[in-house]
Amino acid sequence: MPGEQPVGQAVIKLNTNEHALPPSDAVMSAILSLSGEALRRYPDPTARPLRTAIAVQEGLSAAQVFVGNGSDEVLAHIWAACLANRRVASVDITYGFYPVWSQLYGSTLTQCPLRDDFSVDIDALLTVEEAVVLANPNAPTGLALTRSQIETLVAANRNRLVVIDEAYYGFGAETAAPLINNYDNLIVTRSLSKSHSLAGMRVGYALAHPGLVDGLNRIKDSFNSYPLDAVAQLAATAAIEDVEWLARASKVVIDSRKSMTEGLLAMGFEVLSSQANFIFTRPGRGSGLRLFDALRQRNILVRRWDTPRIADWLRISIGTPEQTRALLAAVADILDGAG
Ligand SMILES: Cc1ncc(COP(=O)(O)O)c(C=O)c1O
């Protein structure tokens, strides 16, 4: 289940990893510039200008770019095209949709345990025969592998596919995208939901060898030839081209993440070293559930899972600097009250 989306309440919403800032002005101008004629007609089924804009940023060709209606849809097509009825390996604490797609598409999923410090056990994954799917940075831990660790994994067995889900691209982690030209067994997926503050627009993409992109297009065309509407294509192209906005907005999030991390550490919390737009943290004393409920009573929404190993941990999205201050003040108040 996705995180709660409250309607009409004044809440500080730090539970679904939306971006702290509104999207680029260039995106809003692009949407306003759209003509009625562009809506009367079907959109470009190949989303060529958007794929070209992405390719230019990544030093790739448009033939190496696949786009879809959010990275969830892109990942679902990857599952249908490449992983259906196969053995797939991932980790035990990660994005909740991987087991869902595995079940839907008849894959046998092996979930390698994260190490005690929540890092990915790359040595264990090197030895498995299965295709590998990893979120990098991982969610909900926020911990990231380096590009060279991912290259080791991709190079270890050229006959198996490695899918790196970079939904949290742009907040400090190294990307695996530069490896695409060298390895035809690697797919990197991205989302504009977090990095570009466009969760409401639903745009995601995959970077891969043209042969893999062809396969994804065949699956897509048998499902929906027009997954990206004309508004989304135009807005996403403007977002991708506004590289200054990405740099500026990411810095706000990274600075706010540092304040939140330092504030929680000062109050005795354990905080993992996040490279995403959220942090994963555990109170030094008291239960995670009690803190989650107490924050909720103060209209601050964060995310928690009722899973044994992480039941005391909270995932807190990075908000604006003001929201971070409000969160830290509320936590201090709750700890005071707990005596
Ligand atoms: C690891 C991971 N992958 C993929 C997604 C899907 O993102 P979207 O469909 O908004 O592009 C999410 C969303 O939270 C995520 O956390």
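Trainee: Which way do the residues of S6 point?
Mentor: This is a predicted model, keep that in mind. Val162, Ile164 and Glu166 point one way from S6. Val163 and Asp165 point the other way.

Trainee: Why two ways?
Mentor: In a regular strand, side chains alternate between the two faces of the sheet.

Trainee: And are those S6 residues buried or exposed?
Mentor: All are buried. That is 5 of the 5 residues in S6, so the strand counts as mostly covered.

Trainee: What lies across S6?
Mentor: Helix H7, residues 147–156. H7 also lies across S5 and S7, and runs at about 155° to S6.

Trainee: What do S5, H7 and S6 make?
Mentor: A right-handed β-α-β unit. S5 and S6 pair in the parallel sense, over 4 bridges. Val133 has Val163 of S6 as its bridge partner.

Trainee: How many bridges join S6 to S7?
Mentor: There are 5, and these strands run parallel. Glu166 stands opposite Arg190 in S7.

Trainee: New topic. What is the strand order in the whole sheet?
Mentor: S2-S8-S7-S6-S5-S3-S4. Those 7 strands form an open sheet with mixed pairing.

Trainee: Which strands stand at the edges?
Mentor: S2 (65–68) and S4 (108–112). Each has a single partner strand, so one side of each is left without a neighbour in the sheet. From one strand to the next, the twist averages 20°.

Trainee: How do S3 and S5 pair?
Mentor: In the parallel sense, over 2 bridges. Ala89 has Val132 in S5 as its bridge partner.

Key. Residues numbered from 1 in each chain as written. Predicted model: local features only at pLDDT ≥ 70, side-chain atom pairs only at ≥ 80, totals over all residues. Heavy atoms only, no water. Pairing = 2+ DSSP bridges. Axes fitted to C-alpha atoms, helices over the stretch in contact; angles between N-to-C directions. Contact = heavy atoms within 4.5 Å. Buried < 20%, exposed > 50% of the residue type's maximum accessible area, 1.4 Å probe, protein only. Right-handed = clockwise from strand over helix to strand, strands pointing away.
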